[in-house]
Every structure is written in C-alpha cells, then in structure tokens.
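Please keep the structure open as you read.

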Amino acid sequence: MTLLRGTFPVARRVLLSLRGDRRTLALVVFVPAFIIYLISEVFTRPETVAHIMLAVFVFFLTYILTAIGFLRERTAGTLERVLAAPVSRSGLVTGYVIGYGLLATVQSIVLLGSGIYFLNVTFEHGIGLFFLLEFLGAMTALGIGILLSLFAQNEFQAFQFIPLVISPQIILGGTILPVEELPFYLEYPARVMPVTYLVQGMEYVVLGRGEAADLWIALAALGAFTVASLAVASVVVRRAR
Amino acid sequence: MTPGDVGLLINHPTIPHRTAIPPAVHGLPMSGSDVSLSVTDLRREFGAVTALDGVDLDVDGPRIVGVAGPNGAGKTTLIRVVLGLLSPTAGSSSVDGTASLSLGAADRERIGYMPQEDAIYQDLTVRENVDFFARLYRVENRSAAVDRAISFVGLEDRADDRVSDLSGGMIRRTSLACAIVHDPDVLVLDEPTVGLDPKLRATMWEAFRERRDAGALILLSTHYLGEATRCDDVLFLRNGRVLAFDSPDRFLDETGTDDLEDAFLALLERDDGPPAEGDDAEEGVFA
C-alpha cells in the first residue's frame, strides 16, 4: 500500500533503537512509577488527586518522549535520508505512531499499575475504560509531540514548548479549578486543550463524577486531537522545502 | 567554456558501459535501464542569500561526476535540489528523466543518497542500520544484500557493533553501505570521504569506480581538489555559479597546468581577474 509505505520499517527501527537507549527506556518504565510513588508520599489522601496526576503525567512524559525522539531524527539528518527513500510521509508518521504508541502503551500500563499500588486508585467505571482513556491521552501527546518537534530546531527549543504549550494545559485543564468556573476568556482556551478532556474523562471513570456523555465527549475529543495533530504533522513533514 | 557546452563532453568512449561487465562479477546486479541527471538554469535562494545561480548540468550514462568548490559554493544545495529534498526558486532538475520534485517511490528505489552528516542511527548496530534501509527500499533477498553491502565497505568484523562504538571512518563507511544496499543506479554522495585517512579514501574510491563500471551514475561533492582529479567530470562551483564543467584532463589541457589546484586558480583568474583571498586553494583543499 503506497499510502503507508515505510510504516513498518520505521516502527521497527524506533523500537530497535530503544534497546540501546537506556535513558529513554528508564523514562518509559521507571520514571512514571517513581513520580507516582513520590506523589503518594506527599499527599495524605492521594486518591483525591490521583486521576489528575495520572492524566497529567501520561501527557507530559509522552510529549517529551516523542518530541525529542522525532527531533533527533531530524537533527541527525536521518529524516532527510529517509525522505530521500521510497517512503510516503503518512507512512513515516504512522511508523512513528506505532513505534512510540507501543512505548506509550507500556508507559500507560506502568502508570496504571503505580496508581493502583501507590495511590490506591479504584475505578468507578472499570479499569478498561481508564486504560482506553489513558491510551488516547498518550496518543494525543504523541501527535502533539511530533507536530511541535517539527517547529523546533534543537532539543532545547523542543523543551521551550513545555512552558508555552504544556503548562497552561496542566494549570487550566480542570486540574485545579473546574473548567466551568474559569473566567470565560480562559474557559474557551481550556475547551480546546487535550488535557481538559483527559481530566474530564478521568473524573468520570475514576471518581464516577458527571455522566457517561462526559466520557464519550472526552474520548471523541482526544481521538480528534490525535488525528488532527498527526494529519497536520504529515503535511508539515514535507519532502521539499 | 560555458555550462551549455557540457553535454558534448560527456560519454567518453573509454568508459565501459554497464553491459560490458557482467553484473555477476561484482555481485551487485544492476537493473537494466539508462541513467541520467539533468539540471537546467537552476536557482535557489535562502532569503537574501543566493545559494545557486543559474546552474546547468547534464550527465548521461555511468559516470563519476564531482561537484567541487569552497564551503558555501552551493554543493549541498545542488545535491538536495537534485534529490527533490529542496525545491528550486527557479529552473528545473531531473533524475533519469523524472523531475526531482515528482520522483515517486519507484524512481526513488533507483537512487542512493549519502548525506554529509552521519545520518545513521547511533543506537543501532551497523547491520541493523543497513537492514533498516534495505527494508525501506524493499530489497529482495534482504539478508544477502545487507551482507554484501557491509562487505563492500569492509565492515564484516564490526557488523554487530553499535554505531556509537565505531570510529568516524567506520561511521562514514556504514553510511555508504546504507546508501548502496538497494543497489542504486544513481548514487548521490555529499562529501563522502571527508575526515577519512588517505588509505580509506583510496578504498572508497575503488568502491565508487567499481559501481560506476557496473553501470551507476555517481554524483559526489568534494572540497578536496586532489579528489576531484579522480572523477570523470568535475563541476566547479563558486558562489552558486558554475565556474567550469569538464574532465580533469581537459581542465589541465585548457589551462596549461599540471594539477587541478593550479587549473582552478587559472579558471578563477579567467573568471574575474586575480583570485580573491577566500578562493585560494591551499594544500589541495578549498579555503
């Protein structure tokens, strides 16, 4: 299939590279568990904040993972070399999604396990829905990570996006104050932020707050953010500039 | 000589055509069609900087064509435009008759590219890197092709070592193996021998000639004048413009000089009077 040409070699390459990259492996496997452990030590009733922590960290860590991973591909010159080969741009981006998507899945499992173990999280609406939500949150962060890395010239610039793009989401996305209680000029921006929907979904699945419709809206919004960011990324990764 | 004359100078009868040598001799079978490369009145600007200014180049058949010139002459820009990785501001370029910007998957399968940067994966072994490109190009009998490419660059003993453990020269050779694993008809190499010791450079050149004799068209950039001597034709670029395009022997004849260094200086003088300071060719390397 020419539309996805290059997908599987690229996905395979992403995963093979990890074997030699212990720092990234640690970022995927140990760091999430460590962070959740630290949270469990400082909050007296961690179960009240657990769902927010799980939402925020899956987003944050996946963003770092993919933004830096894709940026490295560009700065090392391998991206241009791959683009000189018979691959399609959508195939290339899909390859990254599969490769990093598997990593994000592992990370989601680690966060889920740590949440249960350290934060005593229980799920009002089942662990399956929680995992689906966590996974979609990771995929959104993945799409945004790939997209934003295309606008960064080096790793420092990719990190400069964190205060600009990630922090407002973490502050406004229903984490500290419910979105409805924000002044209107902040509520509307918050409504177009993925973390808002991730937190909204988590509140339903973990705490049983809100209605089933809130969950479906959250799932649909996260799916849309993922597809949109990846579609834009496939267009931005042009062969010729 | 003007760039427009260049078409007349190529196709030397002394260069064996691909059919003269059975592919099996090299163990690197080539596909049967002809190879060509054409650039017409190419111009590329980066903001206020004009990297290429009216470049013409026509190459037909298996040749080693060198693109020589000082840093910033436009060598890499020319290569990237030819590969369709950069769109020209004006003018056109094509590979095997297909416009560079329209090269499809089937066209790209015939092209090999070795960029100036290392452009291989540090966390993979030599074999994994070559295998990745073999998969991208959907090479048949992949493992045999990967072995062949690795032995072509003489890295059999280090095939399972991670790239981050290799020396600079070995990394360049791994990069070359990645560029040839799919047995391309058109090989584009950006400063392939930079940073290599003379012995290794000679080995690489043997490899290039071997591929040329098997029917490949090789376009390579260099800022070593001594290296340009080894090409079948040399395109001298300066400030994005073609200073001259000819075979090294004809350059020497034309300018009445003994080496390309002097020939280059003579060409500069002819172009615009005595050479500017930055154009001095010291010790065979462009300043």
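1. A residue is called buried if 20 or more other C-beta atoms lie within 10 Å of its own, exposed if 12 or fewer, and partly exposed in between, with C-beta atoms placed from the backbone. Helices (H or I, at least four residues) and strands (E, at least two) are DSSP runs, numbered from the N terminus.

2. This is a predicted model, in which local features need pLDDT of at least 70, side-chain atom pairs count only at pLDDT 80 or more, and totals for chains, interfaces and linings use all residues. Residues are numbered from 1 along each chain as its sequence is written, and chains are lettered from A in the order in which they are written.

3. Start with helix α3(A), where 20 of the 26 residues are buried. Just after α3(A), Gly77(A) has a positive phi of about 85°.

4. Now turn to chain B, where β1(B) (residues 36-46) pairs with β2(B) (residues 49-60) in the antiparallel sense over 9 bridges; strands pair if DSSP finds at least two bridges between them. In their hairpin, with 2 residues between the strands, Gly47(B) takes a positive phi near 60°.

5. β1(B) also pairs with β4(B) (residues 90-95), in the antiparallel sense over 5 bridges. Look at Val39(B): it stands opposite Leu57(B) in β2(B) and opposite Ser93(B) in β4(B).

6. How many residues of chain B are in contact with chain A? There are 25, meeting 23 residues of chain A, where contact is C-beta atoms, placed from the backbone, within 7 Å. α5(B) gives the most to this side of chain B, with 5 residues.

Methods:
Contact = placed C-beta atoms within 7 Å.
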